[in-house]
Amino acid sequence: MSRLSVTLLNPSSEDWVNRVKQDFDEFLLDHAANERKASSMAMSLVTHYPDRQVLVTAMVDLALEELNHFRQVLRLMQARNIVMGADEKDPYVNQLRGHVRQGSDEYFMDRLLCAAVIEARGEERFTLIANRLEDEDLKTFYERLARSEKSHHEVFLRLAEHYFDEQDVSRRLADWLKLEDEILENLPLRPRLH
């Protein structure tokens, strides 16, 4: 268990939740894309750091879980006759990743902490969605996903603490939380996960 935690600086707005509820089909499209990309990101860490066995084991497990979430969201889409569209860049994720430092150790730490913050925001937003949905099956689905996202951001923090000094991780995590808050504040509200 990590001694650190990801505490987001500000909650998502009620306006964001309303936008999602107004266009839930678009949200599902984006959600599916995010699950697929999360699986790919985990496998890219495996490819980039094949000699770090603790990381490899955790990321393979994560990639499989994210791919299963993608399959579950895809089934929800199919039940609603929603067809997957072309892939779109995620401005939130891309802006965050633009702050990943260069240098071997700095890059590795930042990849882990950036992922932890993204997963924490996912947990927060899935919880908000679950709390506002009337459909009990969807509500249960998003409650489960929120718990899963929580475990994911904890995995990334544990990995950061495994490979780096806890105080260094704590200081850099504080930087990431400020960056995330600034980026989210300046993004337009859309019915998207981020």
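Modeller: Buried means under 20% relative accessible area, exposed means over 50%, and partly exposed lies in between (1.4 Å probe, protein chains only). This is a predicted model: local features need pLDDT of at least 70, side-chain atom pairs count only at pLDDT 80 or more, and totals for chains, interfaces and linings use all residues.

Biologist: Why is Y142 called buried?

Modeller: The relative accessible area of Y142 is 0%. The limit is under 20%. Therefore Y142 counts as buried.

Biologist: How many aromatic pairs does a search of the whole structure find?

Modeller: Nine. Rings of Phe, Tyr and Trp (its six-membered ring) pair if their centres lie within 6.5 Å; planes under 30 degrees apart are stacked, over 60 edge-to-face, and the rest tilted.

Biologist: Why is the pair of F27 and Y142 called tilted?

Modeller: The ring centres of F27 and Y142 are 6.0 Å apart, and their planes stand at 50°.

Biologist: What does the pair of F27 and Y142 tie together?

Modeller: F27 is in helix α2 (residues 24-48) and Y142 in helix α6 (residues 136-163), so the pair ties together parts 115 residues apart in sequence. Helices here are DSSP runs (H or I, at least four residues), numbered from the N terminus.

Biologist: What makes the pair of F126 and Y142 tilted?

Modeller: Their centres lie 5.3 Å apart and their planes meet at 55°, so this pair is tilted. F126 sits in helix α5 (residues 104-132). At 0% relative accessibility, F126 counts as buried. Ring pairs link F27, F126 and Y142 with W16, F24 and F141 into a cluster.

Biologist: How do you know that the charged end of R52 sits over the ring of Y163?

Modeller: The charged end of R52 is 5.2 Å from the ring centre of Y163. The rule asks for NZ of Lys or CZ of Arg within 6 Å of the centre and within 35 degrees of the ring normal. R125 lies over the face of W16, at 4.1 Å from the ring centre.

Biologist: Why do E26 and R192 count as a salt bridge?

Modeller: A salt bridge is a side-chain nitrogen of Lys or Arg within 4 Å of a carboxyl oxygen of Asp or Glu. For E26 and R192, the N to O distance is 3.0 Å. E26 is in helix α2 and R192 in the segment after α7, 166 residues apart.

Biologist: Are E26 and R192 buried or exposed, or in between?

Modeller: E26 has 25% relative accessibility, so E26 is partly exposed. R192 has 10%, so R192 is buried.

Biologist: How do you know that D87 forms a salt bridge with K37?

Modeller: The closest N and O atoms of D87 and K37 are 3.2 Å apart, and the limit is within 4 Å. At 53% relative accessibility, D87 counts as exposed. K37, at 26%, counts as partly exposed.

Terms used:
Residues numbered from 1 in each chain as written. Heavy atoms only, no water. Helix = DSSP H or I, 4+ residues; strand = E, 2+ residues; numbered from the N terminus.
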